[in-house]
Amino acid sequence: MQFSSSSGRMSPLELRASVALAGIFALRMLGLFLILPVFAIHAAHLKGGDDQTLVGIALGTYGLTQALLQIPFGMASDRLGRKPVIVFGLLLFAAGSFFAATTDDMWLTIIGRSLQGAGAISSAVAAFAADLTREEHRTKAMGMIGASIGLVFALSMVLAPALYQSVGMSGIFSLTGILALAAIWVVISVVPPQPPVVAVAPGDKPGLVSVLRNPELLRLNFGIFALHIVLMAIFVIIPLALVRVGGLPISEHWKVYLPAVLVSFALMMPGIRLMEKKGWMKLVFLGCIGAMALIQVGFWLGMAHFYLLVFLLFGFFAVFNILEAALPSLISRFAPPAAKGTAIGVYNTTQTLGLFVGGIAGGWLAQNFGESAVFVFGFAIIALWGLGAVFMAVPQAVSGRRLVLDAVPDPVALRAQLLALAGVRDAIVSVEEGVAYLTVNPDVWDERAALNAVKGASAGVS
C-alpha cells in the first residue's frame with residue numbers, strides 16, 4: 001500500500017458531474033441572458049418604462065434577491081441535500097419567469113425578476129461540484145461551469161434580438177421558465193447522487209464569521225462585487241449606444257457581441273495558463289484589473305465612435321472572462337477545507353449583489369448625470385479593487401496524491417485522521433472506488449504518517 005501521484009485526468013464520475021452541473025447553469029443562465037441585450041429597449045413599451053432608474057431596478061433586482069438568499073440556500077443544501085434545494089430554486093426561477101411573461105407593467109416585471117432571483121441555486125450547485133470533485137480537478141470543474149456561462153452568453157446575444165422580434169419579451173420570459181424546468185430534469189436524471197456527508201477534522205469548525213474575517217477572501221469577494229457592478233451598469237448604456245452611435249438595429253447586435261465573446265475565450269486560455277502554469281497568478285490578475293479600469297476610461301472618452309466602442313467591448317469581454325475564471329479558483333484555494341460551502345455562498349452573494357448595485361447605479365447615474373457618469377463610476381470602483389488586490393497573497397502550491405485502499409474503512413473517521421495530518425490540504429475518501437485522494441503541500445506533508453493513518457483506520461476491516 002503506497003501513495004502515488006494523482007492522474008491529471010478527471011474520473012468518469014467527476015466528468016459526468018461537471019458536465020451535468022455546467023448544463024444546469026447553462027440552461028438557467030441562457031434564460032437570464034436572453035433578457036439582457038433587449039430589455040432596455042423593450043422597456044419603452046412598459047408602463048413606467050420611460051424611467052431609466054426603473055429599467056436599472058428591473059435589471060438589477062434579480063441580483064438583490066440572489067444576494068439575500070445565496071447563503072441560506074447554501075446552508076439549506078448542507079442540511080437537506082443539494083438536489084432538493086437546487087430543484088426548489090429552479091421552480092422559483094420558473095415561476096418568476098412565467099409571472100413576468102404575463103405583465104406589461106414595469107413594477108410587476110420587477111416583481112417577476114425578483115422571484116426569478118429568489119431561486120438562488122448558484123452556491124448549492126458550486127458546492128455540489130466541490131462535493132463530487134477532488135481539489136486538483138475542482139478548478140477544471142468550475143472552469144467548465146464558467147465556460148458554459150460564457151457560451152450561453154454568446155448564444156443569447158445571437159438569439160435574443162431574433163426571439164424578441166418573433167415572440168416578444170413575453171415569449172422570452174416564457175422560454176426562460178421552460179429552460180428552468182429542463183434544468184430540473186437534468187438535476188434529477190443526469191447529475192450523480194450526492195455523496196454521504198463526511199465529518200470535518202477535529203477542531204475544524206467552519207463558520208460564516210471565520211470566512212468574513214479572512215482578508216484574502218474579503219479581497220476576492222470585493223473583486224467579484226466590483227466586476228459585476230461594472231457588467232450590469234454598462235449594459236444600461238451599451239445597447240442604446242450601439243443603436244444611436246452605430247445605427248445598428250437590435251436584431252444585428254449579435255454581430256458585435258458574438259465575435260467579442262468568442263475572441264475573449266481565445267484570449268482567456270493563455271491568460272489562465274500564465275496564471276496556473278507559469279506562476280504569474282498575481283501579475284496577470286493585477287494586469288487584468290488595470291486593463292479593466294482603462295477600458296472604463298475608454299468607454300467614457302470614446303462612446304461617440306462606433307468602431308472604438310466595438311474594440312473596447314472586445315477588450316472588456318476578454319478581461320472579464322479571465323477575471324471571472326480566476327476569482328472562484330482563488331476562493332477555493334484560500335477557503336478553509338471545511339468552510340468551502342460557506343465561502344462559496346458568500347462569494348455568490350457578493351457577486352449577485354454586484355448585479356443589483358450595478359443595475360441601480362447605472363440607471364440612476366445615466367438618468368441624473370448622463371452616460372459618462374456610468375463609466376467614471378466604473379473606473380472608480382475597479383481602481384479601488386486594484387488598490388486592495390495589490391496586497392493579496394499568492395496561493396500556496398499543492399499537489400495530488402492517490403491511494404488505493406486494501407479495505408475500505410469508515411470514510412468519516414479516515415478523512416478526519418487525514419485532515420489532521422501536517423501538510424494535508426484536503427482529503428476525499430471514495431468508498432465506491434476504494435480510493436483516497438489527498439491534496440497536499442509537498443514540502444510539508446509526511447507520507448509515512450498518512451500511510452500509518454490509513455492502516456490504523458483499516459484495522460479490523462475485512
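This is a predicted model: local features need pLDDT of at least 70, side-chain atom pairs count only at pLDDT 80 or more; totals for chains, interfaces and linings use all residues.
Residues are numbered from 1 along each chain as its sequence is written, and side-chain values use heavy atoms, with hydrogens and water left out.

For the protein, the mean pLDDT is 79, with 85% of residues at 70 or more. Confidence is lowest in strand β1 (residues 4-5), with a mean of 55, and highest in helix α15 (residues 371-389), with 93. Helices (H or I, at least four residues) and strands (E, at least two) are DSSP runs, numbered from the N terminus.

Helix α3 (residues 52-80) spans 41 Å from its first C-alpha to its last over 29 residues, close to the expected 42 Å, where the expected span is 1.5 Å times one less than the number of residues. A kink of about 40° in α3 is centred on Gly60; the bend at a residue is the angle between axes fitted to the seven residues ending there and the seven starting there. After α3 comes Gly81, with a positive phi near 105°.

Leaving aside residues up to four places away in sequence, Phe299 touches Ile234, Ile238, Leu309, Leu312, Leu313, Phe316 and Phe375.

His228 lies in helix α9 (residues 215-234). His228 counts as buried because its relative accessibility is 6%; buried means under 20% relative accessible area, exposed over 50%, partly exposed in between (1.4 Å probe, protein chains only). Beyond four places in sequence, His228 touches Phe320, Glu324, Gln351, Gly354 and Leu355.

The structure holds two salt bridges, each a side-chain nitrogen of Lys or Arg within 4 Å of a carboxyl oxygen of Asp or Glu. One joins Glu216 and Arg219 (3.0 Å, N to O), both in helix α9 and three residues apart, about one turn of the helix. Arg244 forms a salt bridge with Glu371, with the closest N and O atoms 2.9 Å apart. This pair links distant parts of the chain, Arg244 in helix α10 (residues 238-246) and Glu371 in helix α15, 127 residues apart.

Technical notes:
pLDDT is the predictor's confidence in each residue, from 0 to 100. Contact means heavy atoms within 4.5 Å.
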